[in-house]
Amino acid sequence: MEGLEARGVQGRHALKGVSLRLLPGEFVALLGPNGAGKSTLLRLLLGLEAPRRGGVYLDGLPLYRYGSYERGRRLAYLPQAGPVPEGLWVEEVVRLGRLPHQGLLGREGREDKEAVEWALEVTRTAAFRDRPLGALSGGERQRVLLARALAARPRYLLLDEPLNHLDLEHQAGLLGLLLGLARGGMGVLAVLHDPNQAARADRVVFLKEGRVLAEGRPGELLTEPFLQGVYGPSVRVAWAEGRPVVYF
Ligand SMILES: Nc1ncnc2c1ncn2[C@@H]1O[C@H](COP(=O)(O)OP(=O)(O)OP(=O)(O)O)[C@@H](O)[C@H]1O
């Protein structure tokens, strides 16, 4: 069975039996208050943490049955901004994304080169391919790290608050890119904090206190009564261009 699926998972520090299935070709936004367990759920889905209860399945097989290279070919991850590799040039960083296809001693082939060029292109980072990663702004660096994740040409892409350091233009660009990747067949799951960003997704999943509070299409889920119940009475919702617009 296709998909990346958590079935009743509980982590070491968070989540009280959460189930979620991400299909190829859909863009899902994961929302919820601070501490709800969003990052923990991503870590479990990626196999970075083993569930205490429940299980994670990748295209029908338990995730732990996959070797690390095979897992790395299917699953890619863009973590929250953190430490970045020192002393590497942008293109080198992106080429690291091909590791699951090449192995440690593998030679770079045509497919690898094409995947790197594609990743630089779609993330609009080709212009600084010859610059050291450390010399880029936070937002530019974030796009290079996304290019590294995409270079693996994964089936599923998981991102933890990917829009945090981006200006409005690049937020719009990245949201458009994520939608485009989903339309091209990739399963995309992104932790987002802003319901207005989540309004662009195909589906929204809301976590609260370690459980799935609700899920559905943005237009059906992002209503004033629902959001006031989560974030308090000052939240308002209007509609523009066929989408809910959330404001205070
Ligand atoms: N290593 C840890 N030790 C102790 N508690 C932890 C650890 N990691 C996570 N937690 C706790 O688990 C809960 C969920 O954390 P998680 O980072 O998954 O939430 P989140 O929804 O991603 O939050 P945020 O929106 O603030 O990033 C929090 O209460 C957090 O304090």
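Colleague: In β12, what is the bridge partner of A240?

Modeller: R243 is the bridge partner of A240. Bear in mind that this is a predicted model.

Colleague: How many bridges join β11 to β12, and do they run parallel or antiparallel?

Modeller: Five bridges join β11 (residues 236-240) to β12, and the two strands run antiparallel. Two residues lie between the strands of this hairpin, where E241 takes a positive phi near 50 degrees.

Colleague: Which side chains of β12 are buried?

Modeller: P244 and V246, which point to one face of β12 (residues 243-247).

Colleague: Switching to the six-stranded sheet: what is the strand order?

Modeller: The order is β6-β7-β8-β3-β9-β10, in an open sheet with mixed pairing. Its edge strands are β6 (75-78) and β10 (211-216), each pairing on one side only.

Colleague: And what does L30 stand opposite in β9?

Modeller: L30 stands opposite V205. Strands β3 (residues 27-31) and β9 (residues 203-208) pair in the parallel sense, over four bridges.

Colleague: Which strands does helix α7 touch?

Modeller: Helix α7 (residues 168-183) packs on the sheet and touches β3, β7 and β8. Its direction makes about 150 degrees with that of β8.

Colleague: Last topic, the ligand. Which residues are around it?

Modeller: H13, A14, G32, N34, G35, A36, G37, K38, S39 and T40.

Colleague: How many of that shell are polar?

Modeller: Seven are polar, two are nonpolar and one is charged.

Terms used. Residues numbered from 1 in each chain as written. Predicted model: local features only at pLDDT ≥ 70, side-chain atom pairs only at ≥ 80, totals over all residues. Pairing = 2+ DSSP bridges. Contact = placed C-beta atoms within 7 Å. Axes fitted to C-alpha atoms, helices over the stretch in contact; angles between N-to-C directions. Near = placed C-beta within 6 Å. Nonpolar A, V, L, I, M, F, W, Y, C, P; charged D, E, K, R; others polar. Buried ≥ 20, exposed ≤ 12 C-beta atoms within 10 Å, placed from the backbone.
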